[in-house]
Amino acid sequence: MDLLNTLVDKGLRRELPTREEALAVLATPDDELLDVVAAAGKVRRQWFGRRVKLNYLVNLKSGLCPEDCSYCSQRLGSKAEILKYTWLKPDEASKAAAAGVAGGAKRVCLVASGRGPTDRDVDRVSQTIEAIKEQNEGVEVCACLGLLSDGQADRLRSAGADAYNHNLNTSEGTYGDITTTHTYADRVETVHQAQAAGLSACSGLIAGMGESDTDLVDVVFALRELDPDSVPVNFLIPFEGTPLAKEWNLTPQRCLRILAMVRFVCPDVEVRLAGGREVHLRSMQPLALHLVNSIFLGDYLTSEGQAGQADLDMIADAGFEVEGAGTTTLPRHRVDAGGGCGSHAGGCAPCGDGPEAEAAPAETACSESARSGSASPEAAEAQGPRTDLVTVRRRGAGTDLAPNA
């Protein structure tokens, strides 16, 4: 179809699609879903081949957050029965990180609940970064600590952090409906601070919170303008005890269209399939690998993911390969422009810039009964959302049980 041919051509040239084209991707019917995946897959393979980068989350401090983000199980007033604990010690965090690295993770993401770190918190996280780097040669470390104050990004960079994550989450126009204790502009400013300090910026979104197609396109275009090196795409995990517990708006087909749209708008950026993939994509997860080039391994902050070995098996069975520590994730032109671990972490080997091995996505049967277009909560509920797949994390960091990696 003309739309997909146009989007592929633009993606191979790193040219931004129009808003109308991005909206059209979200509106494609299920009968054309495999065509959409195949088209976006060509763009993904152009810039990232068949490599999949593995990332591993370590929740340094869980729960008891003063912010009121409606999607979050750690929010102020949350009744979700999640793990709650204060700061892990550097050796505890390093031990948790080592499990992920042993499972194949190339990047460790250190996350702490809260509005933002105090200077003492930055000291604590800096010690943790140093401990992880000392024990895991070549690993990338990304910090996610909330809103940053002046100078804190520089201190994290000096401690050895390679990246900083702070998601926009939703469009500027609807941000106030999701969170009231800080603003969309606060989030943008923190990403700018990370970039100014020489950290690789990581910023993404959460889909499935009741937003419109226009909202999704708005936030993805805003991310394109912000120009982070990696864009995590989360799908809302509707935790009981949070304001969005009843928001079941996604189907596997809807998720795939969203991922394809993000790939077309951000063709040469690390697009990461993040939280909620097991809940909403379910058996369609392998097909998403044709759209994204990065996933989280194992569990998330407060919820459990599928077994780490199952992630590795999925990647291999779908014909992809885990990206090694000696390979730079981003294409050369982004590294040369000052993005990614090639310029920030030091010592990462450069990768090629240009067409990678082309191969058609594996044939996958899509359900003929699946819904087309945008999903409504009523339709999703009629199909029976898999609420049983929302599993609170009870292992790993903050517990005495072995982590899932």
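Visitor: Which residue in β9 is the bridge partner of Leu273?

Guide: Ile295 is the partner of Leu273. Keep in mind that this is a predicted model. Strands β8 and β9 (residues 294–296) pair in the parallel sense, over two bridges.

Visitor: In which sense does β8 pair with β7, and over how many bridges?

Guide: Strand β7 (residues 230–235) and β8 pair in the parallel sense over four bridges. Find Ser230: it stands opposite Glu270 in β8.

Visitor: Which way do the residues of β8 point?

Guide: Take β8 (residues 270–273) as your example. Glu270 and Arg272 point one way, Val271 and Leu273 the other. All four residues named here are buried.

Visitor: What lies between β7 and β8 in the β-α-β unit?

Guide: Helix α10 (residues 252–265) does. Together, β7, α10 and β8 make a right-handed β-α-β unit. Another right-handed unit is made by β1, helix α4 (residues 90–102) and β2.

Visitor: How many residues of β1 are buried?

Guide: In strand β1 (residues 51–61), 11 of its 11 residues are buried. Now follow its pairings. With strand β2 (residues 107–112), β1 pairs in the parallel sense over six bridges. Asn59 stands opposite Val111 there. With β9, β1 pairs in the parallel sense over three bridges, and Lys53 stands opposite Ser294. With strand β10 (residues 321–322), β1 runs parallel and is joined by two bridges. Arg51 stands opposite Glu321 in that strand.

Visitor: What span should α8 have?

Guide: At 1.5 Å a residue, its 13 residues should span 18 Å. The end C-alpha atoms are 19 Å apart, which agrees. Just after α8, look for Gly198, which takes a positive phi of about 90 degrees.

Visitor: Now the rings. What describes a pair of aromatic rings?

Guide: Use the distance of the centres and the angle of the planes. The structure holds two aromatic pairs. In one, the rings of Tyr175 and Tyr184 have centres 6.1 Å apart and planes at 70 degrees, so the pair is edge-to-face. The cut-off for that label is over 60 degrees. Phe296 and Tyr300 also form an edge-to-face pair, 6.3 Å centre to centre, with 80 degrees between the planes.

Visitor: Where does the charged end of Arg19 sit?

Guide: It sits over the ring of Phe221, 5.8 Å from the ring's centre. Look at Arg50 as well: its charged end sits over the ring of Phe320, 4.5 Å from the centre.

Conventions: Residues numbered from 1 in each chain as written. Predicted model: local features only at pLDDT ≥ 70, side-chain atom pairs only at ≥ 80, totals over all residues. Heavy atoms only, no water. Phe/Tyr/Trp six-rings, centres within 6.5 Å; stacked < 30°, edge-to-face > 60°. Lys NZ or Arg CZ within 6 Å of the ring centre and 35° of its normal. Buried < 20%, exposed > 50% of the residue type's maximum accessible area, 1.4 Å probe, protein only. Pairing = 2+ DSSP bridges. Right-handed = clockwise from strand over helix to strand, strands pointing away. Expected span 1.5 Å × (residues − 1).
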